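Subject: Structure for you to look at

Dear colleague,

I am handing over the structure we spoke about, with the sequence alongside. Please open it first, and then read the notes below next to it.

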Amino acid sequence: MSEHRTENRDAGSRLLLRATELAGLPVVSIAEGEALAEVKDVVYNPDQGHLLGFTLNQRGFLRGPMKAVLPMSGVAGIGRDAVMVTDADVCEEKGGLAAEAQSSAGRNVVGNDVLTDTGHRLGEVSDIIVAADSGEVLGYELEGDPKLQGHAGRPLFLPIPAALAVSGTALMVPASAEPFIRDDLSGFGAAVDEFRSQLSSGGAS
Amino acid sequence: MRLGDTIGTSVVARDTAETIGQVHGAVVDVASRQIVALQVGKGHKARLADWASITGVGPDAAVVDGEASLRSAHGEREERSVKGDIALLGGRVLTDHGDVLGALDDIEFDEQTGRIDTLVCADAFIPADRLLAVGSYAVVVAAEDSSGSAGASDDGERPAGG
């Protein structure tokens with residue numbers, strides 16, 4: 001059975017997960033207790049602040065990519081060990097998500113450079129941080145730029161600002177996001193909330 | 001009584017007092033939280049004793065009306081259950097939030113009615129009303145509602161069952 005892993009929860013004890021941790025999780029139906037598939041990758045569009053769904057792999061002997069995709073609307077829960085769906089009918093082969101999954105190739109922000117609007121490179125996006133309960137994307141994990149003071153070479157966590165430009169090669173963030181960068185995932189949820197409240201109050205310090 | 005304690009006990013016919021097999025498992029109906037049949041024997045020889053034909057389940061034997069009351073598995077679900085394809089004892093217990101609680105150690109049931117009272121999992125007791133599904137991948141249970149600390153244990157101590 002599953003070993004105890006370090007869990008990352010934010011102030012509201014929401015479970016935070018990396019997109020890469022979701023890959024490989026079984027997709028299990030609550031109604032039957034059957035594993036229907038396995039998560040291949042997340043479908044994410046940086047213009048929307050949440051996961052759109054998942055691409056799937058067949059489990060077992062017939063292992064390999066499936067045509068069917070799982071839209072977020074069919075997801076009942078995302079946990080450490082499984083993605084839960086109500087029943088097998090929620091996966092779909094056609095429709096907007098299937099098209100999105102092909103066009104965006106899942107998550108094209110990974111590998112992007114992160115630049116502040118003052119012209120500093122903070123690092124490169126290495127992963128997406130997801131709130132497990134809602135599928136909301138809270139931020140990105142970065143491989144910190146070697147020149148970055150105090151953070152050199154360490155993984156960093158960047159909250160997603162309300163407005164953000166993504167070009168497919170680079171991600172533009174306001175310089176005001178920099179103080180909210182965290183070295184570790186614990187406390188990251190609080191940093192996201194702080195940053196958002198700062199944005200909504202309109203005050204750039 | 002615990003299901004684990006009945007596994008391996010003899011199945012004895014009430015009309016002939018003959019041992020006709022051993023308990024190898026149980027067929028569970030999730031909707032009614034009920035053990036609906038005991039599995040007698042295993043493999044292609046496996047047969048089922050409906051709960052109605054069982055006169056008593058004790059620590060030493062399960063007594064059925066007679067050998068004639070045993071039947072073969074009907075339908076996909078019973079056949080898979082008999083084949084061991086449906087995870088029961090030893091299967092992983094998964095919450096509807098997607099977290100594994102551990103392996104299903106045992107099932108406590110009422111030996112009169114066959115009604116399931118609690119699931120025993122990783123030293124915790126899960127009330128049967130949280131049971132949602134029993135499948136080949138997992139036993140699915142509703143996660144604890146306590147929004148605060150999502151702990152593993154329900155009630156700390158309980159008298160040791162039968």
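Buried residues make up 35% of the 162 residues in chain B, where a residue is called buried if 20 or more other C-beta atoms lie within 10 Å of its own, exposed if there are 12 or fewer, and partly exposed in between, with the C-beta atoms placed from the backbone. In chain A, which has 205 residues, 41% count as buried.

Before going further, please keep in mind that this is a predicted model, in which local features need pLDDT of at least 70 and side-chain atom pairs count only at pLDDT 80 or more, while totals for chains, interfaces and linings use all residues. Residues are numbered from 1 along each chain as its sequence is written, and chains are lettered from A and ligands numbered from 1 in the order in which they are written.

Overall make-up

Chain A holds three helices and 13 strands, and chain B holds two helices and twelve strands; helices (H or I, at least four residues) and strands (E, at least two) are DSSP runs, numbered from the N terminus. Along its sequence, chain B follows the pattern α-β-β-β-β-β-β-α-β-β-β-β-β-β. If one takes the contacts between residues at least 6 apart in sequence, 48% of those in chain A join residues at least 24 apart, and for chain B the figure is 46%; two residues are in contact here if their C-beta atoms, placed from the backbone, lie within 7 Å.

One sheet of chain B

In chain B, an open sheet of six strands has the order E4-E3-E2-E1-E6-E5, with mixed pairing, and two strands are said to pair if DSSP finds at least two bridges between them. Strand E4 (47–50) and strand E5 (54–57) of chain B stand at the edges with a single partner strand each, so one side of each has no neighbour in the sheet. Neighbouring strands of this sheet are turned by 35° against each other on average, direction ignored, the axes being lines fitted to C-alpha atoms (for helices over the stretch in contact) and angles running from 0 to 180 degrees between N-to-C directions. E3(B) and E4(B) are joined antiparallel over four bridges, and Ala37(B) stands opposite Asp50(B) in E4(B).

Ala17(B), in the loop between strand E1 (10–13) and strand E2 (19–29) of chain B, has a positive phi of about 60°, and Ala17(B) is exposed, with 8 other C-beta atoms within 10 Å. Arg33(B), in the loop between E2 and strand E3 (34–40) of chain B, has a positive phi near 50°, and Arg33(B) is partly exposed, with 17 other C-beta atoms within 10 Å.

The other sheet, around E7(B)

Six strands of chain B form an open sheet in the order E10-E9-E8-E7-E12-E11, again with mixed pairing. The edge strands are strand E10 (124–127) and E11 of chain B, each of which pairs on one side only, and neighbouring strands are turned by 40° against each other on average, direction ignored.

E7(B) is covered on both faces, with Arg92(B) and Leu94(B) buried on one side and Val93(B) and Thr95(B) buried on the other. Towards E8(B), E7(B) runs antiparallel over three bridges, with Arg92(B) opposite Ala103(B); these two strands form a hairpin with four residues between them, and Gly98(B) in the turn has a positive phi of about 95°. Towards E12(B), the pairing of E7(B) is parallel, over three bridges, and Leu94(B) has Val140(B) as its bridge partner. E8(B) in turn pairs antiparallel with strand E9 (residues 116–121) of chain B over five bridges, where Glu108(B) is partnered by Thr118(B).

Where the chains meet

How many residues of chain B are in contact with chain A? There are 19, and they touch 19 residues of chain A. Strand E7 (92–95), strand E8 (100–109), strand E11 (131–134) and strand E12 (139–141) of chain B each supply at least two residues of that side. The residues on the chain B side divide into ten nonpolar, six polar and three charged, where Ala, Val, Leu, Ile, Met, Phe, Trp, Tyr, Cys and Pro count as nonpolar, Asp, Glu, Lys and Arg as charged, and the others, Gly among them, as polar.
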